[in-house]
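Come along and read with the structure beside you.

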Amino acid sequence: MNAASRPLDLPDASRRMQLLQLLADGEFHAGEALAKQLGVTRAAVWKLITALREQGINIESHARHGYHFPHAIQLYDAKRIAALLPADLQQRLRRIDTMLMVDSTNQYVLEHPADQTSPAVLCVAEMQSAGRGRRGRSWLAPFGSGVCLSLGYWFDAVPNGFSALSLVVGVALIRALRSLGVTGAQLKWPNDVLWQRRKLAGVLVEMRGEAAGPTHVVIGIGCNLRIPAPTREQLVATQTGVADLYEVLGEQLPDRNLLVATISAELLRCLASFSREGFVAFIHEWQQHDALRNVEVNVLRAEQTVSGLARGISEDGSLLVETPHGIQRFSSAEVSLRAGVS
Ligand code: BTN
């Protein structure tokens, strides 16, 4: 049996968090000053710094000035996220769980769902040790480089066009990003968010249980905020093209708590209207942001590749591809652009 998913129980976890909070401003902090603020010895500070570095957190040090992060980072704060949500949406969220490290926020929410009396729970983690992507891939997001969030949600009844849920999430992301000043983001079927044809965010929807009656889904979102150069290189080696919000917005980059609240608010709104009206309420908007429309694509399904012209989506969210044998529909597949961008 797998160990249950929970925030990783690290030695000195609360001291580590306090130290991160002190360093979060991106300024230099002398070891001695940190020791005083934490009420520990300088050697203990050094041990904590070493432990955080071992977790993959990039803390730079300078002989005279002390320690600092390469840039300021707003750590997640459940109270701030809640305060940034409109009151009616706050009431829909049963819990907001923030943590330094977890295996996967999706796994955590699958194991700690809301009860059905208030439909949603939100989980955000500064780092994931086993972040999951679509199709069995992993999701890489070093400390402070992005947002990793999962929203657990109960549908009282399965909405019409339920199989298109992940496309609805794409629309929610486009709305959230636009309200934060990101224009020109597009959707690559089924639900990648692209900017200038490079991947800015990804969505992984997971569910357990029956697809009838009350249904619990976990919607995981990874959004790139400020990807460090080595990670960018690593990602480019495995997938083509990575974008982050820093290159779109520069110093206007939103506070991470605001980003989480904005995405969550749009998700909760979209899920409520998806429940009421089904996918039909989203088709038109999805099509407006379709990055693949009239583009030559390769569609990989069950180890077979079909090539053709992407022609939008059907009423159930399937991808339509025009081939020499007619229009083919794909409800699940991997798509790449024939021009070489995927
Ligand atoms: C993809 O594009 O492949 C989907 C990526 C989804 C990543 C997010 S990060 C938060 C949540 N927890 C996970 O383990 N995965 C999703």
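**Entry 1: the ligand**

I began with Lys199, where a polar side-chain atom lies 2.5 Å from an oxygen atom of the ligand. Taken alone, the ligand exposes 420 Å², and the protein buries 98% of that (Shrake-Rupley areas, 1.4 Å probe). I also found a side-chain N or O atom of Thr105 at 2.9 Å from a nitrogen atom of the ligand. For Asn106, a backbone N or O atom lies 3.5 Å from a ligand nitrogen.

A note on sources: this is a predicted model, where local features need pLDDT of at least 70, side-chain atom pairs count only at pLDDT 80 or more, and totals for chains, interfaces and linings use all residues. Residues are numbered from 1 along each chain as its sequence is written, and side-chain values use heavy atoms, leaving out hydrogens and water.

**Entry 2: the shell**

I looked up the residues around the ligand and found 20 (a heavy atom within 4 Å). Ser104 and Lys199 are among the closest. β8 (198-208) gives the largest share, four residues (strands are DSSP E runs of at least two residues, numbered from the N terminus).

**Entry 3: cysteines**

How many disulfides does the structure hold? I found zero (a disulfide is a pair of cysteine sulfur atoms within 2.5 Å). The sulfur of Cys123 is 9.7 Å from the closest cysteine sulfur, in Cys148, so that pair is too far apart for a bond. Cys223 is also too far for a bond, because its closest cysteine sulfur, in Cys148, is 9.7 Å away.

Terms used. A polar contact is a pair of N or O atoms within 3.5 Å; within protein, one must be able to donate a hydrogen and the other to accept it, and residues adjacent in sequence count only if both atoms are side-chain atoms.
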